[in-house]
Amino acid sequence: MGAPILVIENLNKAFGRVQAASNIDLTIDEGVLTSIIGPNGAGKSTLINMLSGSLPADSGRIVFQGTDITDWPIHRRVRMGLCRSFQVVNVFPELTVFDNIQIPVLTINNRSRRMLRSIFKETAVRREVNEILEKIGLVSEARTPASALSHGDQRVLEVGIALAARPKLVFLDEPTAGMNPLERVKILDNIRQLSDLGQTTFVIVEHDMDVVFSLSQRVIVLHHGEVIGDGSTEEIRNNPRVREVYLGEEVMV
Ligand code: ADP
Ligand code: MG
C-alpha cells in the first residue's frame, strides 16, 4: 500500500481554446482512496477519459504499474486492470442484476482461457458473480431486472460491473450522482469496504464535499484544467487556493 500505481506526467488536452487539462503531473498511490474534485468544467471527466483511454491526450505520458499506456486502447487498459464507471448509469436495464455482472465476468474468463471445460467454467463463473454480488450487497436482488432497481442500486451495480474485470485501479465518475442520502451512505460504505479489502485502488470524481471529506484519504483539486491542490482532507481544507475557488461553500469554512 502506498506505492505508485499510476504516474501521470505533463498531461495536456485542449478543446479548441479551452484547456481542459493543463500540464497535469500526478501520482496515484496503491490502496489510497483518492478523490478528484473541482467545480463544473474543471476538467475532471476529461482527465478520467484520458486515463481510461476513451480520449487521446494532446501530449504527456500515462504510466500504469510501470508500463507506458498513453496510446493504449481501452480494452488493453482494462485487461491490465484499469477500469472506470461513467457519470451516467450504464447498465443493461432489461437484464437481471446477475446477468449484468455475468457478462463482464464471462468476457474476462473467455479471454484468459484459464478454464477449458465448460462445466467447471460455469460453476466458477457463477461463484465469481455471487462473490461480486456479496461485495456490493445486491445478493437478494440477483434475479431482479436492473431496470427495477432504485437509481442508487443501479449505480451500485455499476461498481459491481467494474469489479468484474478484477481491476487494480478503478475510476468512478460521480458515483453518488442523483442519489438520495440513504443510497449515498450505502454506496460510500460499500466503496470504503471494497477499498479496505486492498485488491482495488479507487479514484472517485465527486462534487459533493461531504462525500469527499468523509471518504477520502487524499484529495486532488482541479480548476480550469490545472491541479491547484493535492493532499490530505485537512491539507485541502486549509489550502488557500482551494478555499478561494470554493469560496462560499460552507463545508470548506
Ligand atoms: P468536469 O468533469 O470537471 O465538469 P469536463 O472535463 O467535462 O469538466 O470539461 C472540462 C472543459 O472541457 C469544459 O470547459 C468543457 O466544456 C470542455 N469539454 C469537455 N469535453 C469536451 C468536448 N468533447 N468538446 C468540447 N469541449 C469539451
Ligand atoms: Mg464531469
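Reply: Happy to. The expected span of a helix is 1.5 Å times one less than its number of residues, and the elements are DSSP runs numbered from the N terminus, with helices (H or I) of at least four residues and strands (E) of at least two. This is a predicted model in which local features need pLDDT of at least 70 and side-chain atom pairs count only at pLDDT 80 or more, while totals for chains, interfaces and linings use all residues. Residues are numbered from 1 along each chain as its sequence is written, chains are lettered from A and ligands numbered from 1 in the order in which they are written, and side-chain values use heavy atoms, with hydrogens and water left out.

Let's take helix α6, residues 181-197. Its 17 residues reach 24 Å from the first C-alpha to the last, close to the 24 Å expected. Residues E183, I187, L188, N190, I191, L194 and S195 of α6 are buried (under 20% relative accessible area; exposed is over 50% and partly exposed in between, with a 1.4 Å probe and protein chains only). Seen down the axis of α6, these buried residues fall within an arc of 155 degrees, so they line one face of the helix; the arc is that of the directions from the helix axis to the C-beta atoms. An α-helix has 3.6 residues a turn, so residues three or four places apart point the same way. On the other side of α6, P181, L182, Q193 and D196 are exposed.

Now for the ends. At the N-terminal end, N180 caps α6, with a side-chain oxygen 3.0 Å from the backbone nitrogen of L182. After α6 comes G198, whose phi is positive, near 85 degrees. On the way into the helix, E174 lies in the loop between β7 (169-173) and α6. Its phi, near 50 degrees, is positive although E174 is not a glycine, and E174 is buried at a relative accessible area of 7%. Most residues other than glycine have a negative phi. N23, placed in strand β2, also has a positive phi, near 45 degrees, but N23 is partly exposed at 46%.

Helix α5 (residues 151-163) is worth a look too. The end C-alpha atoms of α5 are 19 Å apart, which agrees with the 18 Å that its 13 residues should span. Since 11 of those 13 residues are buried, α5 is largely enclosed by the rest of the structure; among the buried ones are D153, R155 and E158.

Finally, the ligand. Around ligand 1 sit F15, V18, A20, P39, N40, G41, A42, G43, K44, S45 and T46, each with a heavy atom within 4 Å of it. Both β2 (18-29) and α1 (44-52) supply at least two residues of this shell, and α1 gives the most, with three. Oxygen atoms of ligand 1 lie 2.5 Å from a polar side-chain atom of T46, 2.8 Å from a backbone N or O atom of G41 and 3.5 Å from a side-chain N or O atom of N40. Taken alone, ligand 1 exposes 560 Å², and the protein buries 58% of that (Shrake-Rupley areas with a 1.4 Å probe).

Definitions and conventions:
Polar contact = N/O pair within 3.5 Å; in protein donor to acceptor, adjacent residues only side chain to side chain.
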